[in-house]
Amino acid sequence: MLRASAEDAEALAQALRDVKEKITLCEICFNLAEGPRCAICLDERRDASVICVVEEPGDVIPVERTHEYRGRYHVLGGALSPIDGVEPEDLKIAQLFARVVSPDEGEVREVILATNPTTTGEATALHLAAGLHERAPEVAVTRLASGLPVGGDLEYADEVTLGRAFSGRRAL
Ligand SMILES: [Zn+2]
């Protein structure tokens, strides 16, 4: 950085200012966006009847990489953690309930809770599931099956992963 020319340093500073100015949060799903809506909400081929709920904008990327998912997202902006002072009103939870109860485009059939498989992520998923069942009992609420890594050995799996792999087992 110290060896860079004044022009290069100025160009980098301008690029950072541009990012800060241009990148906002999508008004629908709170993913990162260049403009009022993100690329996924603007894409009409994406299925608006399924919403995948994640904690942070960065969590959208690995789900997109699987190419398995063609629905929309909802980014909470974190996970519930009363110890750290993160309460439901600190996250985009009311906005999620509003999207499901009175959707702008077509009905929502399913909400996939893809919060992290951590204590706070699990607590958030339980809170959301209860709120959704209460407000929209006809909407399916699902949680990602979390299982053992492919190529992994049971011996090395932690008990939370193995426990969830058991409870998420399906008939063959
Ligand atoms: Zn969006």
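## Charges, layout and surface of a predicted protein model

In this protein, the mean positions of the 18 positive and 30 negative charges lie 4 Å apart. Here Lys and Arg count as positive and Asp and Glu as negative, while His and the chain ends are not counted; each charge is placed at NZ of Lys, CZ of Arg, CG of Asp or CD of Glu. What you're looking at is a predicted model, where local features need pLDDT of at least 70, side-chain atom pairs count only at pLDDT 80 or more, and totals for chains, interfaces and linings use all residues. Residues are numbered from 1 along each chain as its sequence is written, and side-chain values use heavy atoms, with hydrogens and water left out.

**Layout**
- You'll find 6 helices and 6 strands, counted as DSSP runs (helices: H or I, at least four residues; strands: E, at least two) and numbered from the N terminus.
- Starting at the N terminus, the order is α-β-β-α-β-α-β-α-β-α-β-α.
- The C-alpha trace spans about 65 × 45 × 35 Å along its principal axes.

**Inside and contacts**
- Of the 172 residues, 32% are buried (under 20% relative accessible area; exposed is over 50%, partly exposed in between, with a 1.4 Å probe and protein chains only).
- Take the contacts (heavy atoms within 4.5 Å) between residues at least 6 apart in sequence: 51% of them join residues at least 24 apart.

**Around I23**
- I23 sits in strand β1, which covers residues 23-25.
- With a relative accessible area of 34%, I23 is partly exposed.
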